[in-house]
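Hi,

Here is the structure I promised to pass on. Please open it first, then read my notes below.

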Amino acid sequence: MNPVRICWALAAVLLFAFVVFEGVKYGAVAVTVVVVFGLLPDVSLIGAFRERGLLRPERVRFYNLMHRPWIAVVLMTVGATVPLPPLGLGLRGGLEIFLAGLAWLTHIAVDRAAGFGLREPDGRIRPVGVRPAPAPPE
């Protein structure tokens with residue numbers, strides 16, 4: 001296993017432990033938010049396969065957007081720092097947003113640890129931590 005995947009695996013374990021802790025601490029509403037947003041990035045896969053393992057080229061951009069960590073980090077930052085009113089789900093203001101970002105980031109970390117990176121324009125998986133071969137000289 002390459003060092004980048006090992007780092008993602010460590011992050012995945014820590015994030016997953018944090019998600020489980022928060023779910024147990026805050027109950028059913030928190031668990032629901034975590035499950036929904038933990039699965040959300042894979043919504044981009046619904047109907048997106050052209051053949052086994054290859055996404056349709058027109059769906060690659062959406063898949064890559066949903067699997068970039070910055071969206072999850074923004075959600076976590078907003079949920080943790082911006083004073084928000086409660087959404088009426090029984091949790092303190094902003095906690096739902098923080099948990100959504102935490103679950104989303106956990107999903108991405110697990111994917112990266114398993115070797116699933118972003119997608120190439122033709123729909124192939126870009127392996128995590130593997131440098132692309134240099135282009136042949138012209």
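**What I found**

The protein chain has five helices and four strands. Please keep in mind that this is a predicted model. Along the sequence, the pattern reads α-α-β-β-α-α-α-β-β. The C-alpha trace spans about 60 × 30 × 25 Å along its principal axes. Of the 138 residues in the chain, 36% are buried. Now look at contacts between residues at least 6 apart in sequence: 63% of them join residues at least 24 apart.

**Helix 1 and helix 2**

Start with helix 1, residues 3-26. Its axis and that of helix 2 come within 6 Å and cross at roughly 145°. Helix 1 brings Val19, Glu22, Gly23 and Tyr26 to the contact, and helix 2 brings Ala28, Ala30, Val31 and Val34. By type, the contact residues are six nonpolar, one polar and one charged.

**Helix 2 and helix 5**

Helix 2 (residues 28-39) also meets helix 5 (residues 95-113). Their axes come within 8 Å and cross at roughly 40°. Helix 2 is therefore oblique to helix 5. The crossing is right-handed. On the helix 2 side, the contact uses Ala30, Val33, Val34, Phe37 and Gly38. On the helix 5 side, find Glu96, Leu99, Ala100, Ala103, Trp104 and His107. These residues divide into eight nonpolar, two polar and one charged.

**Histidine 107**

Stay with helix 5, where histidine 107 sits. Is histidine 107 buried or exposed? Its relative accessibility is 11%, so histidine 107 counts as buried; the cut-off for buried is under 20%. Leave out residues up to four places away in sequence, and histidine 107 touches Gly38, Pro41, Asp42 and His67.

**Helix 3**

Next, go to helix 3, residues 57-66. Which residues of helix 3 are buried? They are Val60, Tyr63, Asn64 and Met66. These four cover an arc of only 155° around the axis, so they lie on the same side of helix 3. Glu58 and Arg61 are exposed on the other side of helix 3. What do the buried residues of helix 3 pack against? Their partners are strand 2 (54-55), helix 5 and strand 3 (116-119).

To trace this yourself, begin with helix 5: helix 2 meets helix 5, and the buried residues of helix 3 pack against helix 5 too.

Best wishes

Terms used: Residues are numbered from 1 along each chain as its sequence is written. This is a predicted model: local features need pLDDT of at least 70, side-chain atom pairs count only at pLDDT 80 or more; totals for chains, interfaces and linings use all residues. Side-chain values use heavy atoms; hydrogens and water are left out. Axes are lines fitted to C-alpha atoms, for helices over the stretch in contact, and angles run from 0 to 180 degrees between N-to-C directions. Helices (H or I, at least four residues) and strands (E, at least two) are DSSP runs, numbered from the N terminus. Angles under 35 degrees count as roughly parallel, over 145 as roughly antiparallel, 65 to 115 as roughly perpendicular and the rest as oblique. A crossing is left-handed if the near helix is turned anticlockwise from the far one by less than a right angle, and right-handed if clockwise. Contact means heavy atoms within 4.5 Å. Ala, Val, Leu, Ile, Met, Phe, Trp, Tyr, Cys and Pro count as nonpolar, Asp, Glu, Lys and Arg as charged, and the others, Gly among them, as polar. Buried means under 20% relative accessible area, exposed over 50%, partly exposed in between (1.4 Å probe, protein chains only). The arc is that of the directions from the helix axis to the C-beta atoms.
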